[in-house]
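I opened a notebook for a structure that is new to me. These entries record what I looked up, one topic at a time.

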Amino acid sequence: METDEGITGVGEALGAEGLTSALEEVAETHKHYVIGEDPLNRNMINRKLTRYPFAWRAGKLINAVAAAFDIALWDIAGKYYDEPVWKLLGGKVRDEVPVYANGWHIGERTPENYAKHAEKAIEDQGYAALKCDPFAHYEYSLNNQQMQEIEDLISAVREAIGPNPGIAIDCHGRFTRRGAIEVADALEEYDIMFLEEPVELEDPEVMAQVTERVNMPVSTGERIYNNANMEQLIHKDACDIIQPDVTNYGSLAETQDAAAMAKSRYMTIAPHNPNAGISTAASLHLCATLENLEIMEHMSREVEWADEIIETREVSDGTIDVPDEPGLGVEFHPDAAREYPGTPKEQNSLFDEEGALKRP
């Protein structure tokens, strides 16, 4: 986004899985809500983007595009005032943000491969915690053989990294209530940092029942797009940790509100961020302001050309420094991005046919 004074801001929407073209189309058709507006009047612009499309209000596509515009407007505001976004959000309570690695478990779903890459993420890349989805295409509940397969993978990771680094398990909402509890019981001995999305979100009471029953923290919220729905999750005590994603939640201010709601119920927040550099920068600014921050997600593996498009901050001792530069503190190079347009037809699933996580 560019202002008539020549200030440019950049945002990011959570896409992939074949939906990138849909996001592009929504952004194109909704740009009239933004063109000609005061870029510092984010509240009015965000209201138009999220509430004026009445029939599609509060949905994934609408809020993801609104989030991308909102992040870009914060970037513009920071550059206009010559201040980092965290200062405009109210100030920071920390100088560095703890992060855990996602995307490290690439390739064969074997204990040996999981152990090798887990050790690399901890020792070579500086992470203090890891997250993985070890379940392949399994759904609803696991039989004894499948359960043993999952235990072998997580046991190998724990043995490779030792007792201290955290291990989080992402279920991607695939289990029944009983199936989720059985998985949690089987993995309890490996000191799980949190169990993410053990069941789907349609019924917060079921998620609450799982949270009450298992002996590990439960997290969820990446597929919640607004505070009306997040409020239901929080006030039903459906989880211990909320996980809004700044690239689909509509606005950074709304995400701050979600964190405040969680704080009022003595819950923490661990922002969902399996995304690119703009999302990471926006999440860092947000996390810097949050008293009840648990940890932030970060992709440990980037494509070789990533820094040509967006230069990212390095992980050190399990944390990333909070930027002090004006705006988001990152520069986007669109010409470089056009050199790597991607192939959406290959991104229709997170996993390959064998159940291994796909990455470029």
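At what angle do helix α2 and helix α3 pack, and how far apart are their axes? I found an angle of about 165° and axes 9 Å apart, for α2 at residues 42-51 and α3 at residues 60-81.

I noted the basis before going on. This is a predicted model, in which local features need pLDDT of at least 70, side-chain atom pairs count only at pLDDT 80 or more, and totals for chains, interfaces and linings use all residues. Residues are numbered from 1 along each chain as its sequence is written, and side-chain values use heavy atoms, with hydrogens and water left out.

**Entry: α2 and α3**

Helices (H or I, at least four residues) and strands (E, at least two) are DSSP runs, numbered from the N terminus. Axes are lines fitted to C-alpha atoms, for helices over the stretch in contact, and angles run from 0 to 180 degrees between N-to-C directions. The two helices α2 and α3 are therefore roughly antiparallel. Angles over 145 degrees count as roughly antiparallel, under 35 as roughly parallel, 65 to 115 as roughly perpendicular and the rest as oblique.

I checked the handedness next. α2 passes α3 in a right-handed crossing. A crossing is right-handed if the near helix is turned clockwise from the far one by less than a right angle, and left-handed if anticlockwise.

Then I listed the contact (heavy atoms within 4.5 Å). On α2 I see R42, I45, N46, L49 and T50. On α3 I see I62, N63, A66, F69, D70, L73, W74 and A77. By class, this contact has eight nonpolar, three polar and two charged residues. Ala, Val, Leu, Ile, Met, Phe, Trp, Tyr, Cys and Pro count as nonpolar, Asp, Glu, Lys and Arg as charged, and the others, Gly among them, as polar.

**Entry: S251**

I looked up S251 next. S251 lies in the loop between β6 (241-242) and α10 (252-264). Leaving aside neighbours within four places in sequence, S251 is in contact with N46 and D70. N46 and D70 also belong to the contact of α2 with α3. S251 is buried, at 6% relative accessible area. Buried means under 20%, exposed over 50%, and partly exposed in between (1.4 Å probe, protein chains only).

**Entry: α7 and α8**

I turned to α7 (residues 177-187) and α8 (residues 204-213). They pack at about 25°, with axes 10 Å apart. They are therefore roughly parallel. The crossing is right-handed. R177, A180, I181 and D185 of α7 meet V206, Q209, V210 and R213 of α8. I count four nonpolar, one polar and three charged residues there.

Which residues of α7 are buried? I found G179, A180, I181, V183, A184, A186 and L187. These pack against α6 (144-161), β3 (166-170), β4 (192-196) and α8.

**Entry: cysteines**

How many disulfides are there? I get zero, with a disulfide taken as a pair of cysteine sulfur atoms within 2.5 Å. The closest cysteine sulfur to that of C171 is in C132, 10.0 Å away and too far for a bond. C171 is buried at 1%. For C239 the nearest cysteine sulfur is that of C171, 14 Å away. C239 is buried at 3%.

**Entry: G126**

G126 sits in the loop between α5 (111-123) and β2 (129-132). G126 is buried at 18%. Beyond its neighbours within four places, G126 is in contact with A121, V315, S316, D317 and G318.
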